[in-house]
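Biologist: Could you take a close look at one part of this model for me? I'd like to hear how that part sits against the rest.

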Amino acid sequence: MDRELCGLSSMATRLILADLCEHIGLDRGIPVRFESAGGVEIARRVREGAEADLLVLADGALTTLEHEGHLLAGTVRPLWISQVVAAVPEGSPVPALRSECDLRAVLLAAKRVAYSTGPSGTALVDLITRLDLADTLGNRLVQAPPGVPVGSLLASAEADLAFQQHSELMGLPGIVIIGPLPGDTAISSTFSGGVLTASHQPHRASEVLDILGSDAASKATRARGMRAVGERG
């Protein structure tokens with residue numbers, strides 16, 4: 001029997017990969033599983049020589065690892081796009097989020113604003129700076145620990161507004177998703193995949209990567225709050 005393929009990924013794609021790996025095992029007979037953690041933690045493991053076959057991370061982090069020689073040349077490909085959404089605790093009033101003015105009002109009304117350590121968090125801080133709200137909101141910003149869903153800070157009353165990838169917030173108990181950020185304030189992240197140089201089965205790993213990026217994977221991708229690269233939002 002073929003050895004199980006092992007992949008590494010950030011938390012944002014954990015549920016999508018679980019769904020698709022089950023399909024790949026049943027339909028293609030290829031055993032594959034992914035271990036998910038915070039993106040910074042996964043990058044550290046790769047640099048320290050983790051034995052794995054596949055890697056799925058935010059595009060910027062994955063490209064850096066490719067340049068460092070941790071991914072096989074020619075295997076890296078964009079897979080999915082995820083939008084950042086805003087959320088509030090369940091039972092709270094759900095504010096409008098149709099315009100930049102709405103977003104400003106939502107941010108200014110919040111007592112504690114939670115965001116992630118990943119690329120969506122970096123983009124949110126940049127957006128707050130661009131909106132000239134950095135000084136006003138500085139001591140209200142709460143960064144979730146690596147690998148911890150930002151929505152959990154809403155559910156535990158540690159924040160009353162949160163921003164994170166849709167895939168990481170959807171389905172969490174105790175929260176209500178308001179929606180994506182409006183207009184020019186919208187934030188999206190591209191998640192890409194590649195075959196690790198540490199892989200002992202690079203050809204089979206490439207086959208799995210092709211399946212992850214195929215049209216057949218689009219339904220599972222949308223069900224988990226993302227869309228395939230090239231697919232209209």
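Modeller: Let's say a residue is buried when its relative accessible area is under 20%. Keep in mind that this is a predicted model. Ser9, in strand β1 (residues 5–10), has a relative accessible area of 0%, so Ser9 counts as buried. Its side chain makes a polar contact of 2.7 Å with the side chain of Ser36. Leaving out residues up to four places away in sequence, Ser9 touches Leu17 as well as Phe34, Ile42 and Val56, among others.

Leu17 takes us to helix α1. With 15 residues (14–28) at 1.5 Å a residue, α1 should span 21 Å, and its end C-alpha atoms are 20 Å apart, which agrees. Buried in α1 are Ile16, Leu17, Leu20, Cys21 and Ile24. These cover an arc of only 125° around the axis, which puts them on the same side of α1. On the face turned away from the buried side you'll find Glu22 and Leu26, both exposed. Just after α1, Gly29 has a positive phi of about 70°.

Now for the packing. The largest nonpolar core has 25 residues, and those touching the most other members are Val32, Phe34, Leu54, Trp80, Val208 and Leu212. Elements giving two or more residues to this core include α1, β2 (32–37) and α9 (202–212). Setting aside neighbours within four places in sequence, Leu212 contacts Leu17, Leu20 and Ile24, along with Phe34, Leu79, Trp80 and Ala217.

Conventions. Residues are numbered from 1 along each chain as its sequence is written. This is a predicted model: local features need pLDDT of at least 70, side-chain atom pairs count only at pLDDT 80 or more; totals for chains, interfaces and linings use all residues. Side-chain values use heavy atoms; hydrogens and water are left out. Helices (H or I, at least four residues) and strands (E, at least two) are DSSP runs, numbered from the N terminus. The expected span of a helix is 1.5 Å times one less than its number of residues. Buried means under 20% relative accessible area, exposed over 50%, partly exposed in between (1.4 Å probe, protein chains only). The arc is that of the directions from the helix axis to the C-beta atoms. A nonpolar core is a set of buried Ala, Val, Leu, Ile, Met, Phe, Trp, Tyr and Cys residues joined through side-chain atoms within 4.5 Å. Contact means heavy atoms within 4.5 Å. A polar contact is a pair of N or O atoms within 3.5 Å; within protein, one must be able to donate a hydrogen and the other to accept it, and residues adjacent in sequence count only if both atoms are side-chain atoms.
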